[in-house]
Amino acid sequence: MKHNHGFLKGALVGALAVLLITALTSCGIAQFAIGKLNRKSEESISEKYSSDDKMILINGLIESYYTGDVDEEDLKEGIYKGYIEALGDPYSVYYDEEETKTLMESTSGEYSGVGAVLSQERETGIITVVQVYDGSPAEKAGIRANDLIYKVNDEEVTGIELSKVVSNIRGEEGTTVDITVLRGEDMEEISVAATRQVIEVATVEYEMKQNHTGYIRVTEFDSVTYEQYKEALESLEKQGVERLVVDLRSNPGGNLDTVVDILDLMLPEGTVVSMKDKQGKETVFDSDEENQFEKPVAVLVNGYSASASEIFAGAMQDYKLGTIVGTQTYGKGVVQKLFDLKDGTCLKLTIAEYYTPSGRSINGEGVTPDVVVEYEPDEQDPEYDNQLQKAIEVVSQNQKEQLSFY
């Protein structure tokens, strides 16, 4: 089902403003209602609880005057979520039981869902599809990269915390989720139904391209990614690879340990990444001398390359072992840790800032490519990838320069 709505061009950006207006209006109504309390009840409640017991006071007011249905569990979960959200850190999140389960599945590399990678813009809350897995329910339903997620099961999701949206999209295998996306400059509204299935994430794709140029694409750094990357690298070396392009475009990151282990296959002995915590304590992650990839490398990145992807790109750039090609990366240079709250829920907190081997912090800045190339789609040939072609040119040129030097 397709509709064209010109007004939808500003819908997603405007959604947060609407939410804010609604919240302000609600506050005004609440103030009016409290002003109408009879004096005896108001004084009684105020005397019973001190100012330190505001939540008890609020709960008492809800019990006495609120006319809607109240779910005590939802109220408790809302307190926890709001408490962490008040930190103002987009990466620190409280996960309820269902969200915790989804989170654990996502980092394991296997889950029941539709097979799409999503990213959320920090300022607007807009959610974008950055990747659709081949053969996935999302691809079969017609969802494409760069679609904006507008609704899930008829509920608007702009501004909703990304993990919550992902949790709603995932679900029991064989069940259906309705997703509405906005596509293109005219914000065409497209509604599809995707049947969930178990997604065994192939986080690494590879092939040998022309002139013995190896190509490895890493879509995210999950617990399964190290073995997949190692297998790809070994296979390409057996095929006689002479140069390598590592594609991290639209890779949102993942496990710190995974990217460190992968970089240990690429770097000489030395620092891979370091991080400093709240107390200024430094933790250093090193590579050993056992493995090193000594052929020319280009690393492809874009604005959706974040976190672990930036650790990879930053390390290759600092060691001058890889030429970074593409556009400025996302700029997530902080580390989160999951804390088990022992009741099926968990808390993700930002605990440190990380630094590249040369001591650079890229938080809020990102990694600047050595060769800047904007992606330009080719209407005549949709398969043509100008960024990838540039990376192949760069890595081929690097090999010529290296050969002439020796």
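## Lining of the second largest pocket

In this predicted model, strand E11 (204-209) contributes the most to the lining of the second largest pocket, with four residues. Helices (H or I, at least four residues) and strands (E, at least two) are DSSP runs, numbered from the N terminus. The pocket holds about 1,700 Å³ of space; a pocket here is an open set of points on a 1 Å grid over the protein atoms alone, where a 1.4 Å probe fits, with protein on both sides within 12 Å along at least five of seven lines, and lining residues have an atom within 4 Å of a point.

Of its 41 lining residues, Ala145, Asn146, Arg217, Tyr375 and Asp385 are the closest to the centre. The elements giving two or more residues to the lining also include strand E5 (127-132), strand E12 (213-218) and helix H11 (386-405). By residue type, the lining divides into 18 charged, 13 nonpolar and ten polar residues, where Asp, Glu, Lys and Arg count as charged, Ala, Val, Leu, Ile, Met, Phe, Trp, Tyr, Cys and Pro as nonpolar, and the others, Gly among them, as polar.

## Two loop residues with positive phi

Asn146 lies in the loop between helix H6 (137-141) and strand E6 (148-152), and its phi is near 80°. Met187, in the loop between strands E8 (176-183) and E9 (188-195), has a phi near 50°. Most residues other than glycine have a negative phi.

Asn146 counts as exposed because its relative accessibility is 55%, whereas Met187, at 14%, counts as buried; buried means under 20% relative accessible area and exposed over 50% (1.4 Å probe, protein chains only).

## Basis of the values

Residues are numbered from 1 along each chain as its sequence is written, and side-chain values use heavy atoms, with hydrogens and water left out. Local features need pLDDT of at least 70 and side-chain atom pairs count only at pLDDT 80 or more, while totals for chains, interfaces and linings use all residues.

Methods:
Grid points are joined across faces, edges and corners, and a volume is the space filled by probe spheres set on the points.
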